[in-house]
Amino acid sequence: MQQLTADGQAVVSDLASRHGFSTDAVTHMLFAVLGGNGGMAQFSHPEFGGSGQWMRGGMLMIGDMFNGHLKGRVDSLCWDISNLLANQPGLLRQGSFQSQSQGGGGHQHQGSGAPAGGSSLFVPDPEDNWWPPELGTPNATGAQNNARYAYFSGSRRLAVKTGADVWVYDTQDHQIGGFSQQQGVGGSMTFGSQYGTVSLATLPVVSRNGQPVVGAAPVAAVAPGGEAQAVVGSGTPTVAAVAAVAEDIIANIERLAVLKEKGILTDEEFSAKKTELLARL
């Protein structure tokens, strides 16, 4: 369980004073809302009428179901906490990546009481910032099976952690929205971008565990045991990897052709993108 910093403890005291609950009750709700990624909470505390559930902009249930005054106070507290967590950079799962924590198939109003200067409420956990520090704060994070992702759109970088290895990819002009993995032995990793579904194997590898990777071919796969692995070859990709990349490129060209037919892309834009995709073969 995460620990509160001095700033976090001060925020809890402020919330307790303003909402009329004890610091123990507020701390309990803080972690409950955090566990619900800022949008919901399942809690159980006597000051909140026992067990209950809150959803942002929706349902609120408490054990003392006929106590409307208490329900209003609990709802107000949860909203303040939700808004507070939303202003903590990198704390909540964001974007479509958050749906990937399930594993398997493919496919986040400012609150008062925030610590000054953007100070963190929680003592940092090294496991929460596993990517190279020079990448900064990700725009989106997520996890699927045993792989973790962090996307940095500004620097066009994608960090992927598989086991003890951290790989950094150049995302080029892709605007990544989520990940998926084909099931079974050798199932490939794919991601969604404005060009459709693309294999991770098409992205150049920038580094592995902080060390630059030059001239290597990335191959993203799922091991027989189901654990996601990113494998960097000696420079020559496997036949299966080449086939997967070629298939993805052809599929993307076909999608672009449809966009051109609909008038969304000009002939020049289609030709330029087609040339770029074919150059990756």
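The axes of helix H2 and helix H3 (residues 68-86) come within 10 Å of one another and cross at roughly 55°, the axes being lines fitted to C-alpha atoms, for helices over the stretch in contact, with angles running from 0 to 180 degrees between N-to-C directions. H2 is therefore oblique to H3, given that angles under 35 degrees count as roughly parallel, over 145 as roughly antiparallel, 65 to 115 as roughly perpendicular and the rest as oblique. Helices (H or I, at least four residues) and strands (E, at least two) are DSSP runs, numbered from the N terminus.

This is a predicted model, in which local features need pLDDT of at least 70 and side-chain atom pairs count only at pLDDT 80 or more, while totals for chains, interfaces and linings use all residues. Residues are numbered from 1 along each chain as its sequence is written, and side-chain values use heavy atoms, with hydrogens and water left out.

Helix H2 also contains Val 26, which is buried at a relative accessible area of 0%; here buried means under 20% relative accessible area, exposed over 50%, and partly exposed in between (1.4 Å probe, protein chains only).

The structure holds five aromatic pairs, where rings of Phe, Tyr and Trp (its six-membered ring) pair if their centres lie within 6.5 Å, and planes under 30 degrees apart count as stacked, over 60 as edge-to-face and the rest as tilted. One of them joins Phe 21 and Phe 48 in an edge-to-face arrangement, with 5.0 Å centre to centre and 70° between the planes. This pair links distant parts of the chain, 27 residues apart, since Phe 21 is in the loop between helix H1 (6-19) and helix H2 (23-35), whereas Phe 48 is in the loop between strand S1 (40-45) and strand S2 (50-55). Phe 21 is buried, at 6% relative accessible area, and Phe 48 is buried too, at 0%. Ring pairs connect Phe 21, Phe 43 and Phe 48 into a cluster. The charged end of Arg 73 sits over the ring of Phe 21, 4.1 Å from its centre, a charge being over a ring if NZ of Lys or CZ of Arg is within 6 Å of the ring centre and within 35 degrees of the ring normal.

Most residues other than glycine have a negative phi. Arg 156, in the loop between strand S5 (147-152) and strand S6 (157-162), has a positive phi of about 55° and is partly exposed at 46% relative accessible area. Asn 209, in the loop between S11 and S12, likewise has a positive phi, near 55°, and is partly exposed at 40%.
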